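Hello,

Here is the structure I promised to pass on to you. Please open it alongside this note, and then read on for what turned up.

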Amino acid sequence: MNLTLLLPWFPIILAVGVAGRLLGKTRGIGIGIACALFWIVLAQAGSNHAVWTDPWIVVSLITGSLAIIAMGAWSADVALDGTPTAVNSTPTTSANAPRTAATTSAPDPRDGAPPEDLDWAFDQFNDWLETHRHDRNPWPAFDGFLRSVLNRCCGATHVKPYRVLTDSDELVPLTDADSLGNPPALSARGGILGHVSTTGRSFLADDPGHGEFVDRLARASSDPPAWCFAVRSGTCRIGVVTVGRLDIAPEHHRAVLRTAEGLVNLWWALVAEACRCRETEIVDPASGVLTRDAFLAASETTLRESYALGEPVAMAAVALEHLRELNDTGRWDLANELVREVCGEIRRKLRLDDCVGRFDGSRFLLLLRRVDSELASLIVSQLMRQLTDLCADEQRWGVSVVVRCGVVGSGNGQPGVRDLITRAIECCHDARRDNIVIASDLGSPSVSAEAVV
């Protein structure tokens with residue numbers, strides 16, 4: 001842990017220790033969670049948002065955060081002289097003795113969650129993350145995890161977690177995160193969910209603290225929640241969790257609910273970070289398509305599914321000639337911009353179950369399902385018209401980039417992924433040798449350069 005993280009950590013953990021001693025174990029844990037989140041945000045701001053790129057710093061942040069939370073719990077069980085406190089004992093005072101600060105600071109036993117439930121929640125998340133962190137889409141499993149934890153710790157039922165779409169004012173169920181279809185969406189600006197999402201303030205039914213108008217807004221909902229809170233990432237709201245029913249009395253368990261909100265925020269952030277880390281391993285940052293290894297793995301799965309259904313497949317290799325001139329002359333940003341736009345055109349042309357990957361610096365691979373060589377050549381020829389127009393703009397790129405393509409099909413056999421890639425690249429070399437745009441493994445005439453102009 002470097003000094004940038006360590007210097008603010010010491011006063012924060014000391015403050016949490018004092019708060020835990022004065023307020024009790026449950027509130028101490030709640031304050032510890034809040035201070036741990038504050039420390040993470042402070043460390044991120046002080047490091048120009050580069051803390052998540054270093055694995056050691058991420059480990060330090062997680063360890064330091066757990067230490068802060070543990071301090072809040074431990075300090076409540078230790079007296080100022082270092083001896084353990086009797087949590088369940090009641091100090092004996094005379095009937096006429098004045099109430100002291102020590103007696104009034106004792107927490108209401110109804111205001112705390114059972115410590116074993118909180119310990120269980122921490123252990124459960126560690127086990128869950130270890131199991132699901134490498135899932136392609138861990139959010140549906142995380143949805144189920146949140147439901148079980150909130151039910152056990154808070155008696156919550158009818159739990160519905162939503163994520164806030166970054167490009168619109170909509171809420172989508174967490175079970176549909178990254179879904180290829182059109183999942184049902186709710187407004188992130190309307191109703192009680194919109195109020196919580198926009199303001200970041202939690203809602204509890206029959207709570208006099210939030211005012212008459214919020215009560216009226218909740219009653220106008222077709223399914224008013226008993227509890228609703230926002231999930232934050234810094235100052236942004238990235239999710240909303242609604243609970244239809246609470247089996248505990250909120251007025252006596254506010255600390256429990258606040259602790260649960262802090263835990264959900266922390267866990268949500270860790271799952272999102274695990275997804276981002278995984279994405280950097282499988283998605284090429286410059287092009288936005290799969291890396292070579294990820295493409296090979298996805299193509300193996302696609303081929304097995306297609307061959308099992310008796311479907312043909314086709315492989316296309318697209319090469320950008322003269323792209324290296326941009327990199328050799330120091331125009332890397334321009335080269336990356338061209339690659340991004342080329343891959344954007346490719347993704348728009350292909351279907352959702354087709355695969356696209358970057359093979360190397362200037363070559364890209366396309367795996368097309370349910371097409372033979374001839375049909376694939378027709379599809380690719382339309383794509384090549386658009387790519388040729390884009391890459392031939394010498395005024396914009398400073399060089400005329402030539403696009404060529406090789407297309408092969410699986411035919412009547414079941415060739416492997418590497419065999420298809422090798423043959424597609426060979427056809428691409430043939431296209432360059434013959435000065436044509438598309439070369440196919442069929443004996444039919446290839447598409448000439450004039451055909452795509």
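A word on exposure comes first: a residue is called buried under 20% relative accessible area, exposed over 50%, and partly exposed in between, using a 1.4 Å probe and protein chains only. By that scale Arg370 is partly exposed, because its relative accessible area is 37%.

Some background before the rest. This is a predicted model, in which local features need pLDDT of at least 70 and side-chain atom pairs count only at pLDDT 80 or more, while totals for chains, interfaces and linings use all residues. Residues are numbered from 1 along each chain as its sequence is written, and side-chain values use heavy atoms, with hydrogens and water left out.

Back to the backbone. Most residues other than glycine have a negative phi. Arg370, however, has a positive phi, near 60°, and lies in the loop between β9 (363-369) and α13 (373-391). (Helices, H or I of at least four residues, and strands, E of at least two, are DSSP runs numbered from the N terminus.) His322 also has a positive phi, near 75°. You will find His322 in the loop between β7 (313-321) and α11 (323-328), and it counts as partly exposed because its relative accessible area is 37%.

Now to the aromatic rings. Rings of Phe, Tyr and Trp (the six-membered ring for Trp) pair if their centres lie within 6.5 Å; planes under 30 degrees apart are stacked, over 60 edge-to-face, and the rest tilted. Searching the whole structure gives 11 aromatic pairs. One of them is the tilted pair of Trp128 and Phe142, with 5.5 Å from centre to centre and 55° between the planes. This pair links distant parts of the chain, 14 residues apart: Trp128 belongs to helix α5 (residues 115-132) and Phe142 to helix α6 (residues 139-154). Both Trp128 and Phe142 are buried.

Another tilted pair is Trp227 with Phe229, at 4.9 Å centre to centre and 35° between the planes. Trp227 is buried because its relative accessibility is 0%, and Phe229 is buried because its value is likewise 0%.

Ring pairs also join Phe125, Trp128, Trp139, Phe142, Phe145, Trp267 and Trp268 into a cluster.

Finally, look at two arginines. A charge sits over a ring if NZ of Lys or CZ of Arg is within 6 Å of the ring centre and within 35 degrees of the ring normal. The charged end of Arg152 is over the ring of Trp120, 4.4 Å from its centre, and that of Arg292 is over the ring of Phe359, 5.2 Å from its centre.

Best wishes
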